[in-house]
Amino acid sequence: MDKRHYILIVIIALCSIACNSHYKHWDTLSQVESYIEERPDSALVVLEQINTSELSGKEEKAKHALLYSMALDKDFVDKTDFEVLQPAIDYYEDNGSATDKLRTYYYRGRIYQNAGNDALAMESYVNAINKGQTSDDILTKARLYVAQGNIYYALMKWEKVCEVNLKAADYFLQTDKTNSYINCILKAVSAFTQNGNYQESAKYLTECEKYLDIIPKALIANYYSEYLTYLIHIEEIDKIKEVVGAYKSEIPDDLLDYGTLSNAYIALGEYGKALDTIDKIDNFPDMVSEMRYYAILSEIHHKLGNH
């Protein structure tokens with residue numbers, strides 16, 4: 001056998017090994033990737049049934065790690081460590097497509113955020129934007145901006161809240177995710193109002209009105225809450241009274257924001273109603289909600305002269 005013939009055989013053998021490097025589970029992973037968005041619960045079941053010791057090579061392990069992390073997040077399993085995602089982090093740092101990098105950095109950020117480290121979460125989201133710029137995964141980009149918006153909201157950086165939520169809204173609109181689109185628009189409205197940019201608040205509230213016939217009650221409730229907050233800030237007393245009536249008649253009690261309603265009654269000078277309404281709050285989902293409750297309650301007692 002001459003040298004050239006030998007080299008050719010070696011090349012063919014190496015190609016054969018490369019082509020079969022993910023023969024065991026690659027097809028299954030590809031199928032999971034095709035439906036993970038619509039059926040994350042099914043994807044999670046399939047991924048958990050794969051024996052990770054049978055995964056062949058770094059690429060297949062990375063793909064499994066990324067899809068598994070995606071499925072866990074979509075099924076509301078909030079990981080705070082990198083045990084699952086680490087093979088994807090290691091591999092996609094220097095390999096993979098723009099979409100692989102986008103998703104890996106995004107879910108890395110989600111883990112940091114779950115662990116309460118917003119600084120490293122934001123760093124990961126910025127890397128996701130930069131590394132995944134050419135990716136066509138619009139939904140991950142949208143969710144990335146939503147995640148950034150939540151951090152900016154906690155920091156009360158209202159202009160940034162508006163900026164990233166409007167970017168997310170645009171992506172959601174492109175994919176016909178109407179509910180997510182309206183949710184982001186309402187978050188932007190809240191930030192515009194907090195920042196005193198009432199013209200923009202009014203503009204995007206008008207945009208939301210186009211969808212009131214097709215969005216669920218929970219979103220309509222959010223719309224009324226943001227509308228009332230806007231009216232309170234601009235002191236439109238007659239309109240506040242009208243919207244309070246519509247809010248209470250159209251929205252079930254369990255979806256009413258009693259804090260916003262109490263503020264509306266304070267604006268109307270109906271302090272007794274404000275006190276009765278705020279007393280209907282019996283639990284606090286987070287510290288911000290509790291702080292808001294006591295701030296409103298304090299204002300009511302001040303107006304009533306209960307110093």
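This is a predicted model: local features need pLDDT of at least 70, side-chain atom pairs count only at pLDDT 80 or more; totals for chains, interfaces and linings use all residues.
Figure 1. The secondary structure comprises 16 helices and 0 strands. The C-alpha trace spans about 100 × 35 × 30 Å along its principal axes, and the radius of gyration is 25 Å, whereas a compact globule of 307 residues would have a value near 19 Å.

**Figure 2. Burial, surface and contacts of the chain.** Of the 307 residues in the protein, 42% are buried. The accessible surface comes to about 16,800 Å², and carbon and sulfur atoms account for 49% of that area. When contacts between residues at least 6 apart in sequence are considered, 57% of them join residues that are at least 24 apart.

**Figure 3. Aromatic pair of Tyr91 and Tyr92.** The model contains 16 aromatic pairs, one of which is formed by Tyr91 and Tyr92 in an edge-to-face arrangement, with 5.3 Å from centre to centre and 75 degrees between the planes. Both Tyr91 and Tyr92 are buried.

**Figure 4. Aromatic pair of Tyr153 and Trp158.** The ring centres of Tyr153 and Trp158 lie 5.0 Å apart and the ring planes meet at 75 degrees, so this pair is edge-to-face, given that planes over 60 degrees apart are assigned to that class. Tyr153 has a relative accessible area of 37% and is therefore partly exposed, while Trp158, with a relative accessible area of 13%, is buried, the cut-off for burial being under 20%.

**Figure 5. Cluster of tyrosine rings.** Ring pairs join Tyr198, Tyr223, Tyr224, Tyr227, Tyr230 and Tyr247 into a cluster.

Figure 6. Val46 is located in helix H3, which covers residues 40-49. Its relative accessibility is 24%, so Val46 counts as partly exposed, a class that lies between the limits of 20% for buried and 50% for exposed residues. When residues up to four places away in sequence are not counted, Val46 touches Thr28, Val32 and Tyr35. The C-alpha atoms of Val46 and Tyr68 are separated by 9.5 Å, and these two residues are 22 residues apart along the chain.

Notes. Residues are numbered from 1 along each chain as its sequence is written. Side-chain values use heavy atoms; hydrogens and water are left out. Helices (H or I, at least four residues) and strands (E, at least two) are DSSP runs, numbered from the N terminus. The radius of gyration is taken over C-alpha atoms; the globule rule is 2.2 Å times the number of residues to the power 0.38. Buried means under 20% relative accessible area, exposed over 50%, partly exposed in between (1.4 Å probe, protein chains only). Contact means heavy atoms within 4.5 Å. Accessible areas come from the Shrake-Rupley method with a 1.4 Å probe; for residues, only the protein chains shown count as cover. Rings of Phe, Tyr and Trp (its six-membered ring) pair if their centres lie within 6.5 Å; planes under 30 degrees apart count as stacked, over 60 as edge-to-face and the rest as tilted.
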